[in-house]
Amino acid sequence: MGKTTTAVYLSLVLAAGGARVVLADADRQASALRWADEAGGLGESVLTVGATTPETLRGLRDLAAGAEVIIDTPPGDLRLVRAALARADVALIPVRPTMLDLDRLGETLDEVRNAAVPGVILLTQVRSRTRSLAGARSALDELGLPLLDTVIPAREAIAASFGDAADSEGFDTYRRALGELQAALTTTTEAP
Ligand SMILES: Nc1ncnc2c1ncn2[C@@H]1O[C@H](COP(=O)(O)OP(=O)(O)OP(=O)(O)O)[C@@H](O)[C@H]1O
Ligand SMILES: [Mg+2]
């Protein structure tokens, strides 16, 4: 769905904005860790750590004091998803705009709702002007789910950036997505 790609790009965007970042990889497959390893690190400001148990996820609070924390969750491990949600301020849910992928969101959305964490959907691997995109937008709209206007395009350069620095178009788009997410959170927090 694009979770790992999103986690790595958002870490790079936050770091470029001057933040200290802890990128926690909660997936045993360790794709984010492997990405960072292959790249020789993700820069001075991004600390990548494995966090594949609920205990380690809980411990992040101390490790990451003063840092922005991005948690890359694994597919199909609700225990870890719950543990990640328990320490999250927001759940960003990347999904491809196909009916099949949207249909699979149910369980994730239930968890986010139960955790009472604001959930926001980010469409990724988007092919512009397709029927799938229009269909996905209206389906999400009907469900009343918050959706970022910014969508991440399907790009070979983004797929090929695994183990490497960010693709510049991908970086810019993720930067816009993050800006939009932060603005949405500020508005929500300030609302009476
Ligand atoms: N914007 C994009 N354009 C093209 N390919 C992409 C894009 N984002 C991700 N991909 C590719 O899609 C595949 C899945 O992406 P990714 O590994 O980030 O998803 P994931 O949700 O972490 O998957 P998993 O559930 O297996 O952990 C990868 O091959 C990745 O390179
Ligand atoms: Mg992944």
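One caution before we start. This is a predicted model.

Let's begin with two helices. Helix H4 covers residues 78–86, and helix H6 covers residues 106–115. They pack at an angle of about 35°. Their axes are 10 Å apart. The crossing of H4 with H6 is right-handed.

Which residues make the contact? On H4, they are Leu78, Val81, Arg82, Leu85 and Ala86. On H6, they are Glu111, Val112 and Ala115. Sort them by class, and you get 6 nonpolar, no polar and 2 charged residues.

Look at the spacing of those positions as you turn the model. An α-helix has 3.6 residues a turn, so residues three or four places apart point the same way.

Stay with H4. Its buried residues are Leu80, Val81, Ala83, Ala84 and Leu85. What covers them? The cover includes helix H3 (54–63), strand S3 (68–72), strand S4 (91–95) and H6.

Now the core. The largest nonpolar core has 45 residues. Among those with the most contacts inside it are Leu23, Ile70 and Ala84.

Zoom in on Leu23. Set aside its neighbours within four places in sequence. Leu23 then touches Ala7, Ser11, Ala32, Leu42, Val46, Thr48, Ile70 and Asp72.

Next, ligand 1. How many residues surround it? There are 16, and Lys3, Thr4, Thr5, Pro75 and Ala159 come nearest. H1 and helix H8 (156–159) each supply at least two residues of this shell. The largest share, 3 residues, is from H1. By class, the shell has 7 nonpolar, 6 polar and 3 charged residues.

Ala30 is not a glycine, yet its phi is positive, about 55°. Ala30 sits in the loop between strand S1 (21–25) and helix H2 (31–38). Gln125 is the other one, with a positive phi near 50°. Gln125 lies in the loop between strand S5 (119–123) and helix H7 (131–143).

Are they buried or exposed? Ala30 has 18 C-beta neighbours inside 10 Å, so it counts as partly exposed. Gln125 has 20 inside 10 Å, so Gln125 counts as buried. The cut-off for buried is 20 or more.

Methods
Residues are numbered from 1 along each chain as its sequence is written. Chains are lettered from A and ligands numbered from 1 in the order in which they are written. This is a predicted model: local features need pLDDT of at least 70, side-chain atom pairs count only at pLDDT 80 or more; totals for chains, interfaces and linings use all residues. Axes are lines fitted to C-alpha atoms, for helices over the stretch in contact, and angles run from 0 to 180 degrees between N-to-C directions. Helices (H or I, at least four residues) and strands (E, at least two) are DSSP runs, numbered from the N terminus. A crossing is left-handed if the near helix is turned anticlockwise from the far one by less than a right angle, and right-handed if clockwise. Two residues are in contact if their C-beta atoms, placed from the backbone, lie within 7 Å. Ala, Val, Leu, Ile, Met, Phe, Trp, Tyr, Cys and Pro count as nonpolar, Asp, Glu, Lys and Arg as charged, and the others, Gly among them, as polar. A residue is buried if 20 or more other C-beta atoms lie within 10 Å of its own, exposed if 12 or fewer, and partly exposed in between; C-beta atoms are placed from the backbone. A nonpolar core is a set of buried Ala, Val, Leu, Ile, Met, Phe, Trp, Tyr and Cys residues joined through C-beta atoms within 7 Å. A residue is near a molecule or strand if its C-beta atom, placed from the backbone, lies within 6 Å of it.
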